[in-house]
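Let's take a friendly walk through this model, starting with its strands and ending with its rings. Please have the sequence and the 3D view at hand.

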Amino acid sequence: MPTVAAEPGPFTFDPSTTALLVIDMQRDFLLPGGFGESLGNDVAQLRRTIEPLAALLSAWRAAGLRVIHTREGHLPDLSDCPPAKLRRGPMIGKKGHFGKILIRGEYGHDIVDELAPLDGETIIDKPGKGAFYATDLSDELKHTTSLIVTGVTTEVCVHTTVREANDRGFECLVLADCVGSYFPEFHSAGLRMIAAQGGIFGWVAESPAVISALEGVRK
Ligand code: TIU
């Protein structure tokens, strides 16, 4: 079975029961001019994940393995958006540079071109930060034991999802170069939290180690 050098120790996975999870690589979080940047955030902190993630996706797809994408967003009538979220995010549903902010079907809500899902890949639309909350992700993962976790942002949707997955019994490997935060200190602390205490939430590695481990996995 492929093994990846990771913190706090080697991560071994069965490719047939492992999915690559790509969290919220949406235009509104990543593109200059988008929602994230309009809040004063430095999107370069997130954009550095695109190139390594595209390389990983390519190797993962070439090996014939499962890819699951997620998108954070809401129905146009906001009926799935808790009032408490809306109170602290009053711009949700309002017109932004790339369409209505965090609304399904809008240009800004969709995934950046470089990482566009292929036909047959699962897309989970989620109203919350965690990918398990109010979605059918658990059903999608019925035969999955391990997750390679990528996407944005490290301390928000990635962390929430890894915590949810860990409690549901999945072994999670988070790839440091394929996750990003607008806040570098939250990114590094978030990664340290995952691998601390013997891997309290999972493992942390870099994507080239996964790509190397995929050599020899069935094409
Ligand atoms: N996907 C995700 O992390 N949603 C956020 O709102 N993240 C922030 O860091 N704001």
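## Strands side by side

Strand E8 (residues 146–152) pairs with E9 in the parallel sense, over six bridges. Look for Val 152, whose bridge partner in E9 is Gly 180.

A word on the source: this is a predicted model, in which local features need pLDDT of at least 70 and side-chain atom pairs count only at pLDDT 80 or more, while totals for chains, interfaces and linings use all residues. Residues are numbered from 1 along each chain as its sequence is written, and side-chain values use heavy atoms, leaving out hydrogens and water.

## The sheet and its helices

Six strands make up an open sheet with parallel pairing, in the order E7-E4-E3-E8-E9-E10. E7 and E10 are the edge strands, each pairing on one side only. From one strand to the next, the twist averages 25°.

H7 packs on this sheet and touches strand E3 (18–23), strand E4 (66–72), E7, E8 and E9, where contact means heavy atoms within 4.5 Å. The direction of H7 makes about 165° with that of E8; axes are lines fitted to C-alpha atoms, for helices over the stretch in contact, and angles run from 0 to 180 degrees between N-to-C directions. Helix H8 (residues 184–199) lies across E9 and E10, running at about 165° to E9.

## Aromatic rings

Rings of Phe, Tyr and Trp (its six-membered ring) pair if their centres lie within 6.5 Å; planes under 30 degrees apart count as stacked, over 60 as edge-to-face and the rest as tilted. By this rule there are six aromatic pairs. One of them is edge-to-face: Phe 11 and Trp 203, at 5.0 Å centre to centre with 65° between the planes. Phe 11 lies in strand E2 (residues 11–12) and Trp 203 in strand E10 (residues 203–205), so this pair ties together parts that are 192 residues apart in sequence. Phe 11, Phe 13, Trp 60 and Trp 203 form one aromatic cluster.

Notes:
Helix = DSSP H or I, 4+ residues; strand = E, 2+ residues; numbered from the N terminus. Pairing = 2+ DSSP bridges.
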